[in-house]
Amino acid sequence: MQKSSTCSFMYGELTDKKTIEKVRQTFDNYESNCFEVLLYKKNRTPVWFYMQIAPIRNEHEKVVLFLCTFKDITLFKQPIEDDSTKGWTKFARLTRALTNSRSVLQQLTPMNKTEVVHKHSRLAEVLQLGSDILPQYKQEAPKTPPHIILHYCAFKTTWDWVILILTFYTAIMVPYNVSFKTKQNNIAWLVLDSVVDVIFLVDIVLNFHTTFVGPGGEVISDPKLIRMNYLKTWFVIDLLSCLPYDIINAFENVDEGISSLFSSLKVVRLLRLGRVARKLDHYLEYGAAVLVLLVCVFGLVAHWLACIWYSIGDYEVIDEVTNTIQIDSWLYQLALSIGTPYRYNTSAGIWEGGPSKDSLYVSSLYFTMTSLTTIGFGNIAPTTDVEKMFSVAMMMVGSLLYATIFGNVTTIFQQMYANTNRYHEMLNNVRDFLKLYQVPKGLSERVMDYIVSTWSMSKGIDTEKVLSICPKDMRADICVHLNRKVFNEHPAFRLASDGCLRALAVEFQTIHCAPGDLIYHAGESVDALCFVVSGSLEVIQDDEVVAILGKGDVFGDIFWKETTLAHACANVRALTYCDLHIIKREALLKVLDFYTAFANSFSRNLTLTCNLRKRGWFSMANAL
């Protein structure tokens, strides 16, 4: 550890000068490299070494040390045919000949860090110097093969949101186009649907090149495993939902039956909703997200049922066998009520008139919404047997949806206002307590003021309960963060090691004081050291204010220099709302006993603004 990493103390007269210079440059440039170098032992015996150098980087990408690996290859550097090789097997001679080859050694020389980590060579295998013994001691993004996309990268996240938006577009427009028979030769609709189909086809291609999380929680980036996983799961559904069903209908000479079939097959595109199911688990923990999702589901179901309701009316309004109008159909009754009745065109031999498609859709959606919410005004009502059967089924679905959605809404709102309810329950309990025991008015006001102010600052969060859930290491990290103002502002903690700060942090407590609260009464034991983080306090001796304490001040007792507990010589009272970080005497002494080096620094650098052990003693530098 006291010698140079270049091993210059082992160089000799036969050590290659060029190799020495390359080793020096490797260290100077913080590079990874490997060499075949001749070094000398203490007795000046020459030894050939295969030397590998790897820089070790920390989380800030800074090289903090080098890992040098040496393997004795003297045996392999001897000539193949000599006295020392008699009795050798052919495999041993072949191995030595292989390692003696310069071309093979050059394969080991890394061009960059990636090759050092991943590239295996035959010589490295012979010498057991694979990449597994040259770890990168730092956190870094997983290396993926070419053309493989990480499933959590920014591009993939943006792309998934685009796919979700187009999925909802498909879920809305496909039932509408199928039910209301929008013209397939409409260029605008055809182009838009074709663009959407192309985007979903591109999504299939991307899914063949996107990593996924394996059963053990690992990120799978092997292209073969990715393809097999996608083929076994969502590929068939995604492919069926992306077929261009509109293309065939675009041709005018297509048989009407085939055209109707492909128009119906467009409903298969609703399988794209499977993409929504893949993303739900990311948002189900958020109450607001669940509420929005439930509302969207309710509206989407109402839209689908409205399309089916119109299709039933459109099928029954005209009897194609007798070519007569069915006056009991809800479409006929709607046409009469809004003044757009159906009429028969004798010259063309077809029925014309009736409400517009926009009016028909709005009326259908209005009926399904009133049925799903169990309101049902009756101005649009089923009259035929088929319409009544559909209405019964819709009411059954609606009752389940209504109970599920609005039951969840109640639960979500209860969760959202759980803290508020707990707050009001606590206030009622405190008021009942103060009234039952007839607490004086002044003290009652102080109690209520303290509770309200403390809740407004902590939001009802139980810090101790949260910390008890976390493991020991994480709890210490959180405590260091919570007490960072004390550690950063006071010079007594500057020389503390990380372990010492963590040990101190878990012993600190944070208390909130309201105006008028007494932190210490004269005569009581001083068993804690208090650091003022915010607010103002006054020190009172013999009814006289002798000091005003503020942010950055410290009061208590010098436990580490005394063997007995002190009696407080003054009252310490809060003038404003204060935050104090305190540490108990026993906890502080325990840490100081273990970290003796820190104890000396702490005792030397910590200055008490007010020492409650000594009457009339306080620091004029910090008093006002």
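Predicted model: local features only at pLDDT ≥ 70, side-chain atom pairs only at ≥ 80, totals over all residues.
Local features need pLDDT of at least 70, side-chain atom pairs count only at pLDDT 80 or more, and totals for linings use all residues. Residues are numbered from 1 along each chain, and side-chain values use heavy atoms, without hydrogens and water.

The largest pocket holds about 1,000 Å³ of space. A pocket is an open set of points on a 1 Å grid where a 1.4 Å probe fits, with protein on both sides within 12 Å along at least five of seven lines; lining residues have an atom within 4 Å of a point. Its lining has 30 residues, and Ser458, Thr463, Leu482, Thr510 and Ile511 lie nearest the centre. Among the elements that each supply at least two lining residues are helix H19 (441-458) and strand S10 (509-513). Helices (at least four residues) and strands (at least two) are DSSP runs.

The axes of helix H16 (residues 357-372) and helix H17 (residues 385-416) come within 8 Å and cross at roughly 60°. H16 is therefore oblique to H17 (angles under 35 degrees count as roughly parallel, over 145 as roughly antiparallel, 65 to 115 as roughly perpendicular, the rest as oblique). Phe367 and Leu372 of H16 and Met394 and Tyr402 of H17 are among the residues in contact, meaning heavy atoms within 4.5 Å.

Gln438 lies in the loop between helix H18 (418-436) and H19, and Asp542 in the loop between strand S14 (537-541) and strand S15 (544-549).

Terms used: Points joined across faces, edges and corners; volume = space filled by probe spheres on them. Axes fitted to C-alpha atoms, helices over the stretch in contact; angles between N-to-C directions.
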